[in-house]
Amino acid sequence: MGILHEDMVLVKQEKEGDPTVITVNCPDKTGLGCDLCRIVLIFGLSICRADFSTDGKWCYMVFWVVEKPNTNWNLLKNRFLEVCPSYFSTSEMDYYRPQNQQPSPPDVFLLKFWCTYDREGLLHDVTEVLCELELTIKRVKVSTAPNGKVMDLFFVTDTRELLHTKNRKDETVHHLKAALGDALISCEIDVAGPELTACSQGSPNLPSEISEEMFSLELPGKNFYGCPASNSISVTMDNKFSPSHTLVQILCQDHKGLIYDIMRTLKDYNIQISYSRFFANPKGNCEMDLFIMQADGKKIVDPTKQDSLRSRLKMELLRPLRVAVVSRGPDTELVVANPVELSGRGRPLVFHDITLAFKLLNMRIFSVEIARHMIRGREWEVYRILLDEGSGLSLPRNKIEANVRNILMGWDNRR
């Protein structure tokens with residue numbers, strides 16, 4: 001009858017200082033590795049080693065992760081179980097299978113609150129509370145009045161799908177009050193209707209000086225936007241090593257969400273992974289071997305397809321996020337963009353890391369716009385952060401840009 005549902009995911013915490021081992025044993029599906037790595041990224045964990053294997057129907061995955069304090073392992077296990085296919089999907093009992101039902105989009109809620117004053121790190125404190133409560137931020141509108149009061153509009157969805165209940169709303173308000181203290185004047189949570197969602201949209205157009213440079217899909221030949229040179233990343237393909245699979249070997253520098261970036265790229269290409277191995281050493285150098293095949297079960301032998309996948313992987317490893325500090329009239333604006341998966345999901349925790357960077361820099365944010373744009377055939381999630389000039393831009397723009405990028409890439413402790 002298969003394995004018990006709760007045994008699909010096992011978490012084994014080793015002695016203090018050693019990585020925690022997460023084992024997944026369940027039916028396979030294309031993109032499962034991407035979905036699991038995305039959850040690891042949401043929980044703020046770092047993968048130092050991983051092994052994946054599948055026979056096309058059943059898969060076995062092991063993650064060695066470096067935990068952070070107060071990691072909720074039971075919640076992580078539940079999130080893993082939610083994306084793992086049921087073992088009934090490999091049985092002959094068709095009546096257990098859903099009838100190709102597409103999940104309905106989650107309800108969007110408007111979280112609106114006023115604060116008596118702005119301060120460095122206030123926006124990050126709010127964002128951190130929402131992340132801990134598993135509220136996914138879809139849109140943000142932050143405005144600072146001339147008297148210093150701040151109005152924040154957060155459009156969020158609830159992973160637990162309980163925000164329509166009084167208990168869940170009370171829990172959210174309680175945590176916000178604990179984080180903001182006397183600064184919080186009022187807080188309201190309501191279902192966001194289409195008219196409110198429309199009001200939350202940012203500027204529909206991006207400045208031309210941003211679009212051309214930031215969203216280029218060409219591989220730069222030199223150090224670009226603070227990223228390593230493209231020749232520091234190696235992606236090779238071999239069809240001789242295996243009679244049935246194409247071997248992809250990747251050598252690169254580590255960054256936050258590295259395996260997620262590889263897996264989401266392969267998921268977008270509808271590539272199936274039969275076996276993979278990943279290892280990152282303490283110096284931040286990574287190597288990964290993947291035995292892959294196309295959706296039709298064949299190797300990738302077409303040179304054009306090989307070049308396209310190789311180039312895309314190198315680009316996603318070199319520039320998984322785009323960061324720039326530009327002029328917005330007389331003001332200074334930070335622009336961060338990340339590609340959206342074909343499934344419609346953006347990279348998690350981007351806004352959390354942006355606000356963390358400004359908290360560490362002791363800089364305040366005047367306003368925020370988050371919107372999606374279709375640029376050069378790809379959908380991008382674009383964050384436009386207008387800086388509060390009143391707080392004093394003591395750092396030059398290139399330093400602000402570098403600090404934000406280092407937090408986003410997980411390099412803050414190594415650079």
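Is Glu341 buried or exposed? In this predicted model, select Glu341 to begin: this residue is buried, with a relative accessible area of 3%.

Glu188 lies in strand 8 (residues 184-191) and Lys112 in strand 5 (residues 109-115), 76 residues apart. Glu188 is partly exposed, with a relative accessible area of 39%, and Lys112 counts as partly exposed at 30%.

Select Arg277 and Glu287 next; their salt bridge has its closest N and O atoms 3.3 Å apart. Arg277 lies in strand 11 (residues 272-280) and Glu287 in strand 12 (residues 285-293), so the pair ties together parts that are 10 residues apart in sequence. To display a network, select Asp261, Arg264, Asp268, Arg312, Glu316, Arg347 and Arg378, which are joined by salt bridges that share partners. The structure holds 32 salt bridges.

The tour ends in two loops. Glu161, between strand 7 (150-158) and helix 4 (166-180), has a positive phi of about 55° although it is not a glycine. Asn362, between helix 9 (350-360) and strand 15 (365-375), has a positive phi of about 60° and is likewise not a glycine. Glu161 is exposed, with a relative accessible area of 59%; Asn362 is exposed, at 52%.

Conventions: Residues numbered from 1 in each chain as written. Predicted model: local features only at pLDDT ≥ 70, side-chain atom pairs only at ≥ 80, totals over all residues. Heavy atoms only, no water. Helix = DSSP H or I, 4+ residues; strand = E, 2+ residues; numbered from the N terminus. Buried < 20%, exposed > 50% of the residue type's maximum accessible area, 1.4 Å probe, protein only. Salt bridge = Lys/Arg side-chain N within 4 Å of Asp/Glu carboxyl O.
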